[in-house]
Amino acid sequence: MLHSFSRSLRPLLTASLLASAALTPVANAQDPVRLGFMDPLSGTFASVGTSGLNLLEFAVDYLYNSKGGILGGRMIEIVPLDNKQSPTETQLQFRRAVSEELRILFQGNSSAVANTLNQTITRHNRRNPGQEVLQINYAAVDPILTNEECSFWHFRFDAHAVMKLEVLTDFIAMNEDIKSVYIIGQDYSFGQVVADNTIRLLNEKRPDIEIVGNEFHPIGTVKDFTPYVTKIVSSGADAVITGNFGADMVSLARSIIDSGMDAPIYTFYAAYDGITATLGEDGKDRIRLIHTDSANPIASKTRRDFNHTYKDAHPNFDVTQSRLVNALMMVVTAMEKSQSTDPYDVAVALEDMRFTNIGGDELWMRPDDHQLIQPLYISKQTDEGIEFDADNSGYGLLTEYEVTADDTALEHSCRMRRPRR
Amino acid sequence: MNEVFIFATLNGLVTGLLLFMLASGLTLIFSMMGVLNFAHASFYMLGAYIAYTVSGYIGFWGGLLIAPLLVGALGAGVERYGLRRVHSYGHVAELIFTFGLAFLIEELVQFFWGRDTKNYQTPELLDFALFTLFGQEFSAYRGFMIAISLGIFAALYVVLTRSRVGIIIQASISHPHTVANLGHNVPFIFMCVFGAGTALAGVAGVIAGPVLTTFPGMAVVLGSIVYIIVVIGGLGSLPGAFIASLLVGLLQSYAIAADAGMPELLEWLGVSFERSHPLNDLWTLKLPQIAPVLPYLLLILVLIFKPTGLMGNREE
Amino acid sequence: MKKHLLLWAAYALVLVLLPSLFSSVLGISILNQMTIWILFALSYNMMLGQGGMLSFGHAVYFGLGGFMSVHALNLIADEVLVFSITLIPLVGGVFGLLAALFIGSFSTRKAGTVFAMISLGIGELIVASSLIFVDFFGGEAGVSGDRTYGPAFFGIEFLQDSEVYYLGAFWLFVATLLMYLFTQTPAGRMANAVRDNPERAEFIGYSTRRVRFITFCAAGMFAGVAGGLFAINYEFITEENLNALTSGRVLLMAYIGGLGFFIGPIIGAVILTLMNSLLSNYSEMWMLYLGILFLLTVMFLPKGFAGFIMMHRAAWNNGKMGSLVLPYCLTALPAGLFLTAFIGMVELSHADELLHFLSMDLANDSAFSWFVLAMLAAIGAGGVKLARPRLAAAWEHANAAAQEAKS
């Protein structure tokens with residue numbers, strides 16, 4: 001759970017952080033390849049960040065370091081950068097990364113952070129040619145990152161919110177029993193993207209479905225969701241759609257369940273980190289999730305072995321974000337292909353890469369906007385047919401609906417400015 | 001519409017009474033020591049977490065009994081070994097001490113229990129619908145929450161006004177020196193009151209934990225609302241705290257239930273604005289969006305027009 | 001007077017020399033944070049230390065100044081405004097002042113709890129509206145700008161953080177000087193009087209409200225200047241820079257540093273910035289340590305670190321400091337051992353692999369590991385207990401000598 005003292009003291013001793021003035025290390029054939037992992041590792045949001053860090057470190061050891069490393073024997077070292085999920089802290093940690101010569105940064109949580117990092121990196125790379133930094137975004141889903149605000153230095157390994165909604169609304173549209181939906185979400189950009197696009201897409205696909213509610217609540221400050229749920233129940237909705245995450249997700253789902261309403265709840269983030277365990281039997285067959293990974297059934301032996309070894313090493317954690325493994329493997333493949341760890345070379349090699357992940361999914365990094373095109377899955381919470389459960393609760397996610405990679409691709413409005421080399 | 005109104009009232013009552021359980025302890029502590037305990041919501045969170053752990057062994061009802069006692073003991077310890085020391089440095093130091101304590105308790109909770117959401121459930125005994133109105137269930141557990149809060153208010157009122165202990169407490173608030181001269185151990189009374197106040201917060205935590213989710217941010221989410229309430233009600237006034245709690249609970253609940261806002265107001269006034277208007281965010285504001293801010297607005301208005309609060313008579 | 005001039009010259013010299021000592025990107029980044037926080041904490045001290053107004057919403061002026069500054073940066077980039085970005089902190093200051101003029105007009109009527117609660121309420125209101133008025137505040141992602149537009153300042157384009165540092169240091173120096181001079185003006189002195197005894201101040205004909213209002217506005221203005229520095233430094237600002245967390249943090253800085261002393265907030269800002277930016281890299285538990293440090297400071301150093309330093313004035317004046325050095329070391333050594341062992345135990349309890357600590361390999365599930373740490377802690381605690389009487393005696397001696405000299 002900790003990035004322990006040993007790992008963290010190393011930079012202190014070697015680089016003597018504050019005064020590491022002119023020492024630019026010359027890359028040695030045996031030097032480790034150092035990758036930054038920037039996510040919340042302390043504070044309220046830390047559970048998501050630490051579970052990501054655990055997974056990434058495990059994947060590095062399991063896939064590469066235990067097999068002799070990469071690029072002819074170099075080990076990979078993950079350097080954790082705790083940004084506390086705050087845009088300001090992100091700026092500070094970015095400077096630390098630059099100071100420590102970390103040129104490839106994995107970052108996922110919070111679109112606000114991803115946007116800040118994207119802008120900071122763009123500015124930094126423009127002002128410091130030869131010292132560019134690459135952003136490997138494994139979870140931030142704000143569409144603008146691969147549209148209006150796209151950048152050569154940013155790659156997204158998750159599907160963006162509209163791609164996910166496209167699939168989710170398809171799935172809802174297929175269900176003839178649903179005649180009305182209620183949309184509720186946190187009052188910020190992602191919540192708004194979910195609401196606006198759900199309305200637009202449902203209008204196109206099933207004009208007969210009535211949007212009986214479109215509610216925003218303040219993010220992270222609602223004590224009791226019952227007043228909201230009262231409105232949902234009295235609207236008579238057949239389904240609820242929400243982009244809520246964390247405690248807002250659990251509290252909302254709990255209140256809906258407590259009210260005796262039995263409509264299904266379509267979500268983005270209603271699993272793992274205690275959520276599945278808390279909802280338990282009440283969430284069975286009701287909580288549905290759109291995500292990039294089929295947690296059950298497991299499609300390949302490689303993936304099964306990976307999961308089992310991970311569970312043995314970290315009994316209290318689950319493989320929650322396999323996107324992170326995809327991102328790592330594709331970055332390493334790009335390094336091997338270009339025989340370089342330079343961000344520019346890696347970026348060029350990543351563009352247009354086709355890759356089969358350990359679950360057997362076909363992935364394609366679209367070069368025009370740096371958006372990964374991958375299959376998407378809709379799963380439900382259940383305790384039947386579950387091989388890998390969540391939170392050791394016996395309940396887990398079972399895939400119900402699957403869309404192949406090609407069918408998830410959307411148009412984009414990215415006009416990428418490529419640096420000249 | 002009728003059903004929404006009825007349920008909004010019920011929800012407002014539940015929230016308001018829950019808030020009162022916290023506010024009552026807070027206001028007791030304030031009346032005695034003259035300091036706002038900023039860590040009060042943290043004791044509420046501790047109550048929920050301890051009850052979660054205890055209920056894993058002996059069930060919900062055991063947790064309801066034991067957790068508040070533990071929280072109260074902890075509170076008394078904090079008063080005895082921390083606050084009493086800081087007391088001599090003045091009110092600002094005390095306030096800042098409790099401020100730091102809130103911060104520390106949040107960290108300690110994450111240290112001992114981790115950062116994820118805890119699976120703390122309502123007892124099976126109360127796992128049924130008390131009544132169903134217009135197709136909506138009102139769970140028995142919420143009824144239980146109302147009952148227990150009202151019970152505590154009644155008990156507190158009786159103890160404070162009718163019992164010997166209550167009279168000593170009231171006397172130590174207004175005339176600590178006289179009470180000490182009469183042979184009572186005033187510091188000990190202070191400690192007990194602080195313990196009792198935090199135990200009340202613990203009770204609130206125990207019963208709120210299962211429905212409002214037990215997670216490390218639960219003290220922050222409850223936030224400064226409790227302090228706001230005791231100030232609105234008038235510092236040190238128990239009836240004031242009661243009224244203010246209900247007022248805030250209902251206000252928020254109605255605001256969320258209302259499907260109105262600026263668009264309706266503007267339409268009524270016959271004014272309209274383009275979407276591109278620089279203040280578009282203001283013209284499209286809905287009441288539910290600003291529901292959580294209303295208590296703060298109320299606070300500022302009350303303080304400007306009646307600095308002592310609704311029922312208070314003490315100037316600080 | 002001469003002594004004062006020397007002090008200010010030394011202050012300027014330190015500000016100028018610091019970047020050559022810590023010239024890495026991280027070093028400069030931390031120095032830049034420090035300039036911002038020192039300025040902000042000084043302005044907070046003006047409010048609480050000097051004016052006696054406990055505010056839980058001081059970040060409002062910092063944040064509003066910052067937001068206006070970023071908007072000004074964007075107007076400069078769009079060539080709507082034409083002036084050098086070196087003047088941006090003034091923009092922040094002006095808007096910090098305007099906000100303070102408005103809010104102060106009704107909130108400074110009372111000090112004490114009423115003032116504190118109003119400041120809390122206003123803070124929450126502004127934060128809530130920052131998420132509602134997306135055009136101005138940019139929602140949770142905030143607004144961003146670019147500091148490299150506008151007329152160049154003697155050929156400097158502020159491409160690098162190190163260039164920004166000198167700009168920040170200049171404004172910090174100017175603002176520190178102005179704030180110090182303010183404490184010397186009649187208005188500044190009256191602020192102290194109103195803090196200590198409002199009735200008496202009122203009685204001799206001063207309007208306490210007016211005095212508070214002036215201090216309040218000045219503090220708001222300097223907070224706005226700090227916000228402007230923030231904007232230039234990070235070229236963006238979000239709602240987190242005006243929320244209660246930021247307000248709480250500046251309160252922590254001022255308090256840990258020492259409220260009554262002009263230099264206190266500077267010490268506090270330096271300590272907290274270092275902890276925040278370095279400690280968090282070594283341990284996930286850093287907030288826990290911070291919380292403990294804070295509580296211990298409140299309990300045992302009521303006047304903060306500056307107060308602790310000032311406690312030695314008597315001993316210093318009498319040339320008795322030397323006699324304190326050895327007892328201090330003898331106490332600090334076991335105390336450090338205890339602390340190290342304590343930190344080791346905290347870290348060990350959350351380590352799921354081997355923990356390399358003090359060149360030992362410790363394991364979470366090994367009773368021996370726990371035993372070793374517990375022993376170290378016990379030795380440390382015992383050592384402190386043994387050394388304390390000696391320290392107390394030495395302290396007594398040094399101060400008694402001072403009193404003798406006085407009489």
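## Exercises on a three-chain model

A:P297 sits in the loop of chain A between β10 (287-291) and α10 (301-313). Keep in mind as you work that this is a predicted model.

### Exercise 1: Where chain A meets chain C

Describe the interface of chain A and chain C by its residues in contact, its buried area and its salt bridges.

Step 1. Count the residues: 42 from chain A are in contact with 49 from chain C.

Step 2. Take the area: the two chains, A and C, bury about 4,000 Å² between them, and 54% of that is on carbon and sulfur atoms.

Step 3. Turn to the polar side. Between chain A and chain C there are 15 residue pairs in polar contact, both residues being at pLDDT 80 or more. The salt bridges between these chains number six. In one salt bridge, the side chain of C:E235 meets that of A:R123 at 3.3 Å, N to O.

Step 4. Ask which elements of chain A are involved. On the side that touches chain C, at least two residues each come from α1 (5-15), α3 (87-99) and α4 (111-127) of chain A. The largest share, ten residues, is supplied by α3(A). By residue type, that side of chain A divides into 15 nonpolar, 18 polar and nine charged.

### Exercise 2: Where chain B meets chain A

Now do likewise for chain B and chain A, and name the residues of chain B that lose the most area.

**Solution.** Step 1. Here 35 residues of chain B are in contact with 33 of chain A.

Step 1. Chain B and chain A bury about 2,900 Å² between them, 54% of it on carbon and sulfur atoms. Within chain B, the most area is lost to chain A by B:R115, B:V221 and B:I256, which together account for 21% of what that side buries.

Step 2. One salt bridge is counted between the two chains, B and A. A:D224 and B:R142 form a salt bridge, with their closest N and O atoms 3.3 Å apart.

Step 3. The most comes from α1(B), with five residues.

### Exercise 3: Two helices of chain C

Are α7 and α8 of chain C roughly parallel or roughly perpendicular?

**Solution.** Step 1. Helix α7 (residues 161-184) and helix α8 (residues 186-196) of chain C pack at about 70 degrees, their axes 4 Å apart.

Step 1. Angles from 65 to 115 degrees count as roughly perpendicular, so α7(C) is roughly perpendicular to α8(C).

Step 2. The contact is made by C:F182, C:T183 and C:Q184 of α7(C) together with C:P186, C:A187, C:G188 and C:R189 of α8(C). These residues divide into three nonpolar, three polar and one charged.

Key:
Residues are numbered from 1 along each chain as its sequence is written. Chains are lettered from A and ligands numbered from 1 in the order in which they are written. Side-chain values use heavy atoms; hydrogens and water are left out. Axes are lines fitted to C-alpha atoms, for helices over the stretch in contact, and angles run from 0 to 180 degrees between N-to-C directions. Angles under 35 degrees count as roughly parallel, over 145 as roughly antiparallel, 65 to 115 as roughly perpendicular and the rest as oblique. Contact means heavy atoms within 4.5 Å. Ala, Val, Leu, Ile, Met, Phe, Trp, Tyr, Cys and Pro count as nonpolar, Asp, Glu, Lys and Arg as charged, and the others, Gly among them, as polar. Buried area is the accessible area (1.4 Å probe) that two parts lose on being put together, summed over both. A salt bridge is a side-chain nitrogen of Lys or Arg within 4 Å of a carboxyl oxygen of Asp or Glu. A polar contact is a pair of N or O atoms within 3.5 Å; within protein, one must be able to donate a hydrogen and the other to accept it, and residues adjacent in sequence count only if both atoms are side-chain atoms.
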